[in-house]
Amino acid sequence: MVVDRGESEETDGENAETTRQIATIREFCAPLIKNTVLLVCQKLGQSGDPKKLNPVEVDLVEGVKRFVVAARLLVRDTLTAIGDDKAIKTERAMELVLSLEFGLSGEALASTCRSDGSSSNGIDMLVAILEAM
């Protein structure tokens, strides 16, 4: 006999509170990072020289790359620190951060950059870097 107590399915020992905290972290972080990538892509789309990047564009690309890496690490550290008595394992936290649903994967951020519709050398470089992450 199966008794349904109305509880959500648990994944890898995660309880409902941990799942709620993960959702809260995702809802807070993903839009910030996506908007940053989108704004930088819009700025890169306004570049004047299509053949080479100027120093400002290089700084934008490098800054976004570092920002995304740092944000992912902070999200991972936050995910491993939550929970009732024990934190989620680091491997599970990285799976969550890099999953498409979480919105911080390289593919998701690259598609955000492509959604602007602009094309330039800087955007192509940023998309390539994001896809490699």
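**View 1. The crossing of helices H2 and H5 in the predicted model is right-handed.** Helix H2 covers residues 55-81 and helix H5 covers residues 121-132, and the two pack at an angle of about 20° with their axes 10 Å apart. Because angles under 35 degrees count as roughly parallel, this angle makes H2 roughly parallel to H5. On the side of H2, the contact is made by Val61, Val64, Lys65 and Val68, while H5 contributes Gly122, Met125, Leu126, Ile129 and Leu130. Sorted by class, the residues of this contact between H2 and H5 are seven nonpolar, one polar and one charged.

**View 2. Helices H1 and H2 pack against each other at an angle of about 175°.** The axes of H1 and H2 are 10 Å apart, and the two helices are therefore roughly antiparallel to each other. From H1, the residues that take part are Ile22, Ile25, Cys29, Ile33, Thr36, Val37, Val40, Lys43 and Leu44, and they meet Glu57, Leu60, Val61, Val64, Phe67, Val68, Ala71, Val75, Thr78 and Leu79 in H2. The contact of H1 with H2 is made up of 15 nonpolar, two polar and two charged residues. Cys29, one of the H1 residues in this contact, has a relative accessible area of 16% and is therefore buried, since buried means under 20%.

**View 3. A disulfide joins Cys41 and Cys113, with their sulfur atoms 1.7 Å apart.** A disulfide is a covalent bond between the sulfur atoms of two cysteines. The count for the model comes to one disulfide, taking sulfur atoms within 2.5 Å as the rule. Cys41 lies in helix H1 and Cys113 in helix H4, which spans residues 106-114, so the pair ties together parts that are 72 residues apart in sequence. The link of Cys41 and Cys113 is left-handed, with -105° about the S-S bond. Both Cys41 and Cys113 are buried.

**View 4. Glu27 is an exposed residue of helix H1.** The helix in which Glu27 has its place, H1, runs over residues 16-45. The relative accessibility of Glu27 is 57%, and Glu27 therefore counts as exposed, because the term applies to values over 50%. Glu27 and Gly103 are 76 residues apart in sequence, yet their C-alpha atoms are 9.6 Å apart in space.

Notes:
Residues are numbered from 1 along each chain as its sequence is written. This is a predicted model: local features need pLDDT of at least 70, side-chain atom pairs count only at pLDDT 80 or more; totals for chains, interfaces and linings use all residues. Side-chain values use heavy atoms; hydrogens and water are left out. Helices (H or I, at least four residues) and strands (E, at least two) are DSSP runs, numbered from the N terminus. Buried means under 20% relative accessible area, exposed over 50%, partly exposed in between (1.4 Å probe, protein chains only). Axes are lines fitted to C-alpha atoms, for helices over the stretch in contact, and angles run from 0 to 180 degrees between N-to-C directions. Angles under 35 degrees count as roughly parallel, over 145 as roughly antiparallel, 65 to 115 as roughly perpendicular and the rest as oblique. A crossing is left-handed if the near helix is turned anticlockwise from the far one by less than a right angle, and right-handed if clockwise. Contact means heavy atoms within 4.5 Å. Ala, Val, Leu, Ile, Met, Phe, Trp, Tyr, Cys and Pro count as nonpolar, Asp, Glu, Lys and Arg as charged, and the others, Gly among them, as polar.
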